[in-house]
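Trainee: Hi! Could you walk me through this structure?
Mentor: Happy to, let's have a look together.
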Amino acid sequence: MLKKILSPKFIAGSIRFWLGFMLLSAGVTKLFHGNFIQLIGPPWLIEELAKYQLGLYAEFVAYSQIIIGFCLLVKRFATIGAVMAIPMFLNILMVTISQHWQGTPYVVAFLLLCNMYLLVFDFQRLKYLFIDDSILVPEGKIQRKNLQLDLLYLFGLGLILVGVGIYRFSEPAAIIMAYLGLAWFVGVFGWQKITKKQ
């Protein structure tokens with residue numbers, strides 16, 4: 001059991017899930033002004049940066065966190081999520097440094113390091129980006145054995161984004177939609193594990 005927990009695959013999977021859920025919830029929390037699960041990040045970021053005419057930028061960061069968090073949570077899109085997270089974490093790091101937030105830059109730097117571990121773990125998928133000769137890149141069609149599973153996960157993301165979109169009109173309905181999206185993720189993940197065992 002200890003050997004499995006200390007394996008690179010288990011560590012990468014744990015980091016991926018942790019970062020994914022944290023980012024997704026942080027993005028929704030910012031757009032819901034604190035009325036959601038808050039694991040990290042100030043829920044008042046949009047209002048704070050709006051003082052410097054950066055409110056739209058803060059909203060963009062929040063939406064990016066939702067999309068990147070989703071990608072990290074879904075194994076199929078995890079490598080893309082880890083790549084997209086690098087510029088996002090660097091942007092957040094620069095904001096926290098420029099605003100002189102105590103301690104926060106260290107937390108963001110740690111998250112960036114965790115994300116770098118994911119990229120190192122997925123190097124076999126990424127190494128073709130560094131090859132000069134395209135002949136060396138293996139040819140093959142993009143295949144997905146279970147497109148239905150991808151669509152089910154995307155439906156959960158859609159529920160969350162709809163919730164974010166209707167927040168200004170109906171706060172309770174928006175919060176319910178966001179929680180339904182998270183519950184949908186859990187349900188699809190559980191269904192995936194059960195069908196895989198069968």
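Trainee: How much of the protein chain counts as buried?
Mentor: Of its 198 residues, 39% are buried, meaning under 20% relative accessible area with a 1.4 Å probe, protein chains only. Keep in mind that this is a predicted model, where local features need pLDDT of at least 70, side-chain atom pairs count only at pLDDT 80 or more, and totals for chains, interfaces and linings use all residues. Residues are numbered from 1 along each chain as its sequence is written, and side-chain values use heavy atoms, leaving out hydrogens and water.
Trainee: Thanks! How many helices and strands are there?
Mentor: The protein chain has nine helices and zero strands. Both are DSSP runs numbered from the N terminus: helices are H or I with at least four residues, strands are E with at least two.
Trainee: New topic: how do H2 and H4 pack?
Mentor: Helix H2 (residues 8-31) packs against helix H4 (residues 55-73) at an angle of about 150°, with axes 7 Å apart. Those axes are lines fitted to C-alpha atoms over the stretch in contact, and angles run from 0 to 180 degrees between N-to-C directions.
Trainee: So what does that make them, roughly parallel or roughly antiparallel?
Mentor: H2 and H4 are therefore roughly antiparallel, the word for angles over 145 degrees.
Trainee: And which residues meet there?
Mentor: Among them are Phe17, Leu24 and Leu31 in H2, and Tyr63, Ile66 and Phe70 in H4; contact means heavy atoms within 4.5 Å.
Trainee: Last one: how big is the box around the C-alpha atoms?
Mentor: Roughly 50 × 40 × 35 Å, taken along the principal axes.

Notes:
Parallel < 35°, antiparallel > 145°, perpendicular 65-115°, else oblique. Buried < 20%, exposed > 50% of the residue type's maximum accessible area, 1.4 Å probe, protein only.
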